[in-house]
Amino acid sequence: MSQASTSAFNTRNRYYNPVSRIQTLIQNLDAELITLCKQCSMPNNVGGNSLNKSSLLAQGGSQHHTHASSANIVVSQVRPTSITNSAGALAPDAHKRQLRNTYRTRVIDAYRNRRIFTVYGNYHTVRRALVRRGWLEKLPANRHAKLQTMSEDSLLELARRGNEYEAVVLSKMINNFPAFFIWQTKGARDTFPEVKPYRNRVRRSQFLDFSTKVGLVGCAEQERWFREDGICGMSYPRVYRLGANSMEERAAFIEDFHHTQARALLRYIKEHRPIDMVDIEHGAVISTTIDFALNKIKNMIRQKEHYSLDDARIKMLTPTEMVENQSFMMQSSKVLQTNAKFKVNEKVMAEYARLAAQYLDQIESLRPDYRWDGCRNLWILKPGYQSRGIGIVIRNSLDDILQWTSNNQNRKYIVQKYIERPCLIYRTKFDIRQYMLLTISDAQVSIWIYKDCYLRFSSQEFTMDDLRESIHLTNNSVQKRYKNKMTRDSRLPKNNMWSLDQFKCHLRHVGAPDGTWAKIYDGFKQNLTAVVLASLDETELTPNAFEIYGCDFMLDEYYNPILIEINSTPDLSPSTEVTARICPLAVRDCIRVVLDFPRNPMASTGQFERAFQVNYSVNKEQDGTRPLELNGTQMKLFESLPKLRVNHRSGLLRKILNNVSPSNKLNKDKFKEKNAKITGGKTGSKKLSRESSKALDLGIRTTLNSTTRENLALQYTAPK
């Protein structure tokens, strides 16, 4: 190797500008290749053989042509085989060195600019978005696993711009560097926390982790403290945790089930004609059943209008009340399930219908979520920590619900009121998948809502006479197992999904009021803002953490959104034409918000809109600890002591207390020795009284400790 090339490679450990370094390397390598080509192009005159241009290019790999004639060149006594072998071995090594140094320069540049990322899973949209921004990927162990077992030299031989071999070579070179962007699964361990990478996980306590069913219940309990009209508020069905350690919630659910049964009976009476519900001779249900339901709703209205903390306590039923409840449940079930007749006349039934309508209007004005209830008293049971519709059942019997949860204690079931009066499209149930992005910076928590969304339909027509999952669960993971019903409306999509534009066209077609979608979208923002605010107390505010959530909503008959659940790992795969369009866009816009927007506030965030922002600050000392500080002013109970009847002892006590100053430190040492003599006995009390009298005469403000003041109070307030 020439001296110039040797000096160039001896300085490879020094850092230069990548562009100038690469240019220098290319110039040195070109000079070396020219020298090698000249040596390899010299023919051997002893054997009378010469190396033509084609053999030289094949063996030496040189791109330079030799114009000198072989007849005019005299060579030394060197064997042609040795010349050929050295030329064939040195040129590929030079190419490898060039690639290796080029890749090392890229690796150093990526590390110094914090542009190394790791993506677990088949999130190719994330990879492409980061590579376009100049990031290098640190491959996980299961990606290109066979190629990662190859040596670096073998990979360099096959490496080409943008292929898999180049990706593996770069990953090997950055293996000892931390990743500054990590896209991982929820259960994976958080690596490299010391460099604060961009990580797609926001950690919080299990109790307020709204991506689980149990955690969302906790947020629903806390959100009332953050509720503000027009900004945040949660519309969520009534829900209870029926675990082994939730006896109080179990009792509350039983009480709610009885109240719901009473409202269901009154709704049944309201929605049917009196003549169709009565049979004065052969009726199976007596009128006292209706009276019992009316009294229950009347008491509920009274409690809601005059609510107190005592009303929130679960009161145990007396044996008589338990018998009455059981009798009511049996009689009302006959009406709701088998359409049994009442044993009253039509006129009395009409009056009952009027009272039922009146009481229902009053209670629904106080509790708007009661409008979602129907006449079946249906409840949906969900495992607390599972998703994709696994383990979900629907029941309308109290005994069946309690038995199911008792038999599946390990699955932490919750029971949620089923939406019996949802908004339907062509007699088919649907829900809306909405994306939310949560980002955390050094001093802010931002809530981003995606402006685009899509609808998911059931494959069967909606009915409450059949409780199968194919009718009531709209999850794509559930519906893909079923074929669409042949009699279903032909206007519904075959792939059971609609885009937002198709839904807006439907709203115009059915004559929905103007601004209906704006109302729905605003409801999305208020619900999700309330959930996030309710969970912040137990959220780890780690800078650069972010997470994208799939939020499922339903609509009631008046287009009011109802939050059903939130998923922390939403399905972003292109399962249909609708998701093939919206999912990659949502991921790319997520990268824009996370990486581009913090560096440039004017950068585009795509379809993501910032709905709410919370400012926070965590002040810590360098050692990570800080003592608790309490700031305030001393509270005065009285500006002056209250005037009592004239008493010598009380007057003297008042004079002493008026001259006592807790903050007087100058006289503290002066009286410290005298106060130390006080032992609480009679002698001590006499000495104290004499010294106090002298202090009063001299006008000195005395500082007394708490024990002394207590002894004074006892002495001068004790009866004679």
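How many bridges join S5 to strand S8? In this predicted model, 3 bridges link S5 with strand S8 (residues 414-417), and the two run antiparallel. Across this pairing, Arg241 stands opposite Ile414 in S8.

**The sheet**

Strands S5 and S8 belong to an open sheet of 4 strands, in which the order is S5-S8-S6-S7 and the pairing is antiparallel.

Helix H10 (residues 247-271) lies across S5, strand S6 (379-382) and S8. Its direction relative to S5 is about 150°.

The residue ranges of the elements discussed in this report are collected below.

| Element | Residues |
|---|---|
| Strand S6 | 379-382 |
| Strand S8 | 414-417 |
| Helix H10 | 247-271 |
| Helix H11 | 288-305 |
| Helix H14 | 346-366 |

**A residue of helix H10**

His259 is placed in helix H10. Is His259 buried or exposed? Its relative accessibility is 16%, and because buried means under 20%, His259 counts as buried. Leaving aside neighbours within four places in sequence, His259 is in contact with Lys296, Ile297 and Met300.

**Helix H14**

Helix H14 (residues 346-366) comprises 21 residues. From its first C-alpha to its last, H14 reaches 31 Å, close to the 30 Å expected at 1.5 Å a residue.

Which residues of H14 are buried? They are Met349, Tyr352, Ala353, Ala356, Tyr359, Leu360, Ile363 and Glu364. Viewed down the axis of H14, these buried residues fall within an arc of 145°, so they line one face of the helix. The elements that cover them include H10 and helix H11 (288-305).

**The chain as a whole**

The secondary structure of the chain amounts to 24 helices and 14 strands. Of the 720 residues in the chain, 45% are buried. Among contacts in the chain with a separation of 6 or more, 71% are between residues 24 or more positions apart.

Methods. Residues numbered from 1 in each chain as written. Predicted model: local features only at pLDDT ≥ 70, side-chain atom pairs only at ≥ 80, totals over all residues. Heavy atoms only, no water. Pairing = 2+ DSSP bridges. Contact = heavy atoms within 4.5 Å. Axes fitted to C-alpha atoms, helices over the stretch in contact; angles between N-to-C directions. Expected span 1.5 Å × (residues − 1). Buried < 20%, exposed > 50% of the residue type's maximum accessible area, 1.4 Å probe, protein only. Arc of directions from axis to C-beta.
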